[in-house]
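Dear colleague,

Please find below the structure I promised to pass on, together with its sequence.

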Amino acid sequence: MERHMTTPTPVFPDISISTDRLVLRAFDEDDIPAHIEMMNDEHVIAWTSVPHPYTARDALEFVRLHAPAERTSGRGIVFAVTEFLTQRLVGVVHLQNTNWRTLATEVGYVIAPWARGEGYATEAVLAAAQWLFRDQRFERVELRTAADNTASQQVAQKIGCISEGVLRNAWIARTQTEDGGWADIRTDLIVWSLLPEDLDGVADQLADAGYASYADWN
């Protein structure tokens with residue numbers, strides 16, 4: 001009887017990534033209160049598919065089950081983005097839909113309302129991309145931003161992403177109604193890509209503009 005050997009699905013290492021101001025690491029249960037508050041922010045509700053209201057049960061399942069499973073299944077990796085000095089949770093960076101044959105993955109990110117305007121999304125996504133290209137030898141990072149989500153588009157532009165086109169009517173966003181509720185609306189998605197050569201000079205340009213630079217991963 002012939003036996004066929006199966007190759008295990010690769011997985012990302014269980015690591016943390018550090019910049020001058022931030023640490024990207026695995027979530028732990030101490031992050032849950034801040035994570036709940038962040039995910040119930042109106043901008044997060046509008047542009048993501050997270051449950052609303054986002055409950056303590058949702059957060060617990062995310063931290064204990066969903067986030068770890070992204071890495072152990074080989075689909076990607078979820079980073080809690082925290083301030084280096086205070087350890088305060090300021091965001092999430094999620095690498096997802098990873099293709100290990102083409103060495104490509106998609107990045108998504110959320111920044112907490114109390115941390116916006118500091119350049120944290122740009123700094124965190126750039127650090128994750130540098131780690132992917134330099135340490136993991138990846139060849140492509142993809143981003144998808146809703147057509148009206150200008151803040152997310154600015155992050156893509158700052159780190160050197162190239163706009164590749166529009167997926168028409170491809171996403172369901174949410175808009176707030178007069179009674180304070182939320183209604184689904186269809187919207188286009190802009191597809192962006194980042195290749196290793198796109199990062200040439202980007203870190204220096206961001207440093208000149210006042211953004212902290214990539215430091216280390218371990």
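**Helix α5 and its surroundings**

Directly after α5 comes glycine 160, whose phi is positive, near 100°. Please bear in mind throughout that this is a predicted model. Within α5 itself, which spans residues 150–158, the buried residues are Ser152, Gln153, Val155 and Ala156. These lie on the same side of α5, because the arc they cover around the axis is only 155°.

The largest pocket holds about 1400 Å³ of space. Its lining is made up of 48 residues, of which Trp47, Thr48, Gly108, Tyr109 and Val110 are the closest to the centre. Two or more lining residues come from each of α1 (32–39), α2 (42–47), α3 (56–72), β4 (89–99), β5, α4, β6 and α5, and the largest share, six residues, is that of β5.

For the second largest pocket the volume is about 160 Å³, and the residues that line it include Asp14, Phe27, Val63, Arg71, Ile77 and Phe79. Both α3 and β3 (77–83) supply at least two residues of this lining, with α3 giving the largest share, five residues. Here the division is nine nonpolar, one polar and two charged residues.

As general background, nonpolar side chains in soluble globular proteins tend to be buried together. In this model the largest nonpolar core has 38 residues, and those with the most contacts inside it are Leu24, Phe79 and Val93. The elements that each give two or more residues to this core are β2 (22–25), β3, β4, β5, α4, β6, α5 and β8, and α4 gives the most, with eleven residues.

If residues up to four places away in sequence are left out, valine 93 touches Leu24, Ile77, Val78, Phe79, Val81, Val107, Gly108, Tyr109, Ala124, Val125 and Ala128. There is also a second, separate core of 18 residues, which includes Phe27, Ile32, Val78 and Ala112.

With best wishes

Methods
Residues numbered from 1 in each chain as written. Predicted model: local features only at pLDDT ≥ 70, side-chain atom pairs only at ≥ 80, totals over all residues. Heavy atoms only, no water. Buried < 20%, exposed > 50% of the residue type's maximum accessible area, 1.4 Å probe, protein only. Helix = DSSP H or I, 4+ residues; strand = E, 2+ residues; numbered from the N terminus. Arc of directions from axis to C-beta. 1 Å grid on protein atoms, 1.4 Å probe; cavity = no way out; pocket = protein on both sides within 12 Å on 5 of 7 lines; lining within 4 Å. Points joined across faces, edges and corners; volume = space filled by probe spheres on them. Nonpolar A, V, L, I, M, F, W, Y, C, P; charged D, E, K, R; others polar. Core = buried A, V, L, I, M, F, W, Y, C linked by side-chain atoms within 4.5 Å. Contact = heavy atoms within 4.5 Å.
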